[in-house]
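Open the model in your viewer and keep the selection panel at hand. This tour goes stop by stop.

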Amino acid sequence: MEQSVKDRVSGIVLPVAFAAVLLVLWQTQALHAILGTDTFTFPLPGHIARILAGNVPKILENLSATCTVVFGGLAIGCVAGYGISVAAAMSPRWGVGGLRVIGAFNAIPIVALAPVVINLTRDVSGDVEVRSTVAKIIVVALLCAVVMSLGAYRGLTDLKPFSEDLLLSYAADRKTIFLKLRLPNSVPHIFIALRVIVPTSVISALISEYFAEYIIGIGRMIRDNITLAQYATAWAYIVVACGLGIASYAVLLLVEKLVCGKRWRT
Amino acid sequence: MAQPRVHFTSSNLFITLVWIAILVCAWEIGAAYIETVKRTPENVLPHLWQIVQSVFSDKAVAGGLTARQIVLNAAAATLARAGIGFAIGTGIGFGLALLMKLSGIVEKIAFPYLMIIQMIPILGMAPIVLGITGDIGQSRIVIAAILTFYPVAANTLAGLKSVEPEKDSLFLSYAATRPQTYVKLYIPVALPYFFTGMKIAAPLAITASILVDTLQGDGGLGCMLSQSLKHAMSIFVFWQIVFFSAIVGVLSINAVTLAERLALPNERRARKWSKA
């Protein structure tokens, strides 16, 4: 169905207008009256922008620490998760049982997982920064691997009816079936999983920073600045965290479009 | 219908049990190794039986309470707030989905924000919510509600939109009023989607509530967890909470599944038929 021009324009104008109204309410402190708060805990946008501009080097340092954890954990977790799903697809009967147990990990709160992992990795390195980064990456990787293994398994086994039989009738061996049928079939499912994984990895990185030994990262800065009652600085880091979340999701959508554009539709 | 008899060793239950046994073995091997190299192995990886023993132990660990009493008291505070937040979030999510379906303008305004909200690390914002509300109990409810609201709204809207236009036309030809069409057509079709959203949201609400606890001392699960980590009380309180929260997370999904079966008994039958 072709959208009319009017529909498309109003689809952009209305949300932007809503954001503008919110921003005006915020700057004129009407929002503060509604929420029953003050400009100290909920600073004005101009104030937050000034702090952002004034702390660029420090923010970049924390941002790069967080990005290392997010994307390191994401990469390791996705590869490991895909590996698990391939292994499970090789022997589905045992694989499904294993995945069911892995699925239970999904329900474990990050708050409980992070301290366990940090305790386990105390001997990894004498350098507190290194072992703390390793611990945070493991937390992110674990959560990513769970979601990826469940999603990719469905992609590897949820084949079009009779397509596997067709390949078998061509006397294709298991390797060929995997490369020509299962692997391509799993690609859209990888991206569906990634849509969950990318926001999850940002959140879990921020939270594992709360518990980490070495004090660095966007999440830790949000928390520590609030403990110090530096609300405006905390808000600046929240803006950075939201930016990171939105930017990484936008990159994902772009990659998805490039990879899936011609062959797959998700 | 008579199920074909399956030998126990090839049943799903058996396979799951074997996997759990493998995990338990791996844990115990790790714990036995840690025991030989660490001075305080229970901080890193205690034996599973030590954790179980601590649950049933009557020894007071803090303030005259046993570890079990501490965990259960804390759980009551945390889960009650998570439950209230979950209920509020579910209500708002369902209401917004309905509004978005009813009004094109609301949909156009809200939909991009519904997309953006899933990219924003809401849990990272927990400390600021605490700053604004100033009350730990309220913060738990607010954060749990925000996290619940998104999956419920998105899934319900998908459900409302999955109604075929022919069915809508049919209702129109029967001269059904709009409220009637919604009550008898749109909402019943959307309900399974609504429950899917709740299944995603339930463990999130609990995680959120525990996380908010860690920010301030008010006797929730997260608060006890961080105090136990700081050795203000037996470290086994920490291990009990780790397992307790994992189990409650799984149970919360099961509870929604159970509610779904009670609310939509026909749905399940229909699915069985379509499979057969």
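**Stop 1: where the chains meet.** Select chain A and chain B together. In this predicted model, 44 residues of chain A are in contact with 42 residues of chain B. Which elements of chain A give two or more residues to the side that touches chain B? Select helix H1 (5–27), helix H5 (92–105), helix H6 (110–120), helix H9 (174–211), helix H10 (218–227) and helix H11 (231–260) of chain A. H11(A) provides the largest share of that side, 9 residues. Now colour the side of chain A that touches chain B by class. You will find 32 nonpolar, 9 polar and 3 charged residues there.

**Stop 2: chain A as a whole.** Chain A has 11 helices and 0 strands. Read from the N terminus on, its elements run α-α-α-α-α-α-α-α-α-α-α. The C-alpha atoms of chain A fill a box of roughly 70 × 60 × 30 Å along the principal axes. Chain A has 266 residues, and 39% of them count as buried. Now think about contacts in chain A with a separation of 6 or more: residues 24 or more positions apart account for 75% of these.

**Stop 3: confidence.** Colour chain A by pLDDT. The average is 86, and 97% of the residues score at least 70.

**Stop 4: helix H1 of chain A.** Zoom in on H1(A). How many of its 23 residues are buried? The count is 0, so the helix is hardly covered. Next, check its length. At 1.5 Å a residue, the 23 residues of H1(A) should span 33 Å, and this agrees with the 33 Å between its end C-alpha atoms. Step on to A:Gln29, which follows H1(A) and has a positive phi, near 65°.

**Stop 5: the largest nonpolar core.** Bring chain B back. The largest nonpolar core has 137 residues. Select A:Val139, A:Val140, A:Cys144, B:Ile143, B:Leu147 and B:Ala205, the residues with the most contacts inside this core. Helix H7 (residues 128–157) of chain A gives the most to the core, with 17 residues. Stay with B:Leu147 for a moment. Leaving out residues up to four places away in sequence, B:Leu147 touches B:Gly89, B:Ile122, B:Ala201, B:Leu204, B:Ala205 and B:Ala208.

**Stop 6: two alanines in loops.** Select A:Ala171, in the loop between helix H8 (163–169) and H9 of chain A. Its phi is positive, near 65°, in a residue other than glycine. Is A:Ala171 buried or exposed? A:Ala171 counts as exposed because it has 7 C-beta neighbours inside 10 Å, and the cut-off for exposed is 12 or fewer.

Finish at A:Ala229, in the loop between H10 and H11 of chain A. Phi of A:Ala229 is also a positive value, near 60°. With 11 other C-beta atoms within 10 Å, A:Ala229 is exposed.

Definitions and conventions: Residues are numbered from 1 along each chain as its sequence is written. Chains are lettered from A and ligands numbered from 1 in the order in which they are written. This is a predicted model: local features need pLDDT of at least 70, side-chain atom pairs count only at pLDDT 80 or more; totals for chains, interfaces and linings use all residues. Two residues are in contact if their C-beta atoms, placed from the backbone, lie within 7 Å. Helices (H or I, at least four residues) and strands (E, at least two) are DSSP runs, numbered from the N terminus. Ala, Val, Leu, Ile, Met, Phe, Trp, Tyr, Cys and Pro count as nonpolar, Asp, Glu, Lys and Arg as charged, and the others, Gly among them, as polar. pLDDT is the predictor's confidence in each residue, from 0 to 100. The expected span of a helix is 1.5 Å times one less than its number of residues. A residue is buried if 20 or more other C-beta atoms lie within 10 Å of its own, exposed if 12 or fewer, and partly exposed in between; C-beta atoms are placed from the backbone. A nonpolar core is a set of buried Ala, Val, Leu, Ile, Met, Phe, Trp, Tyr and Cys residues joined through C-beta atoms within 7 Å.
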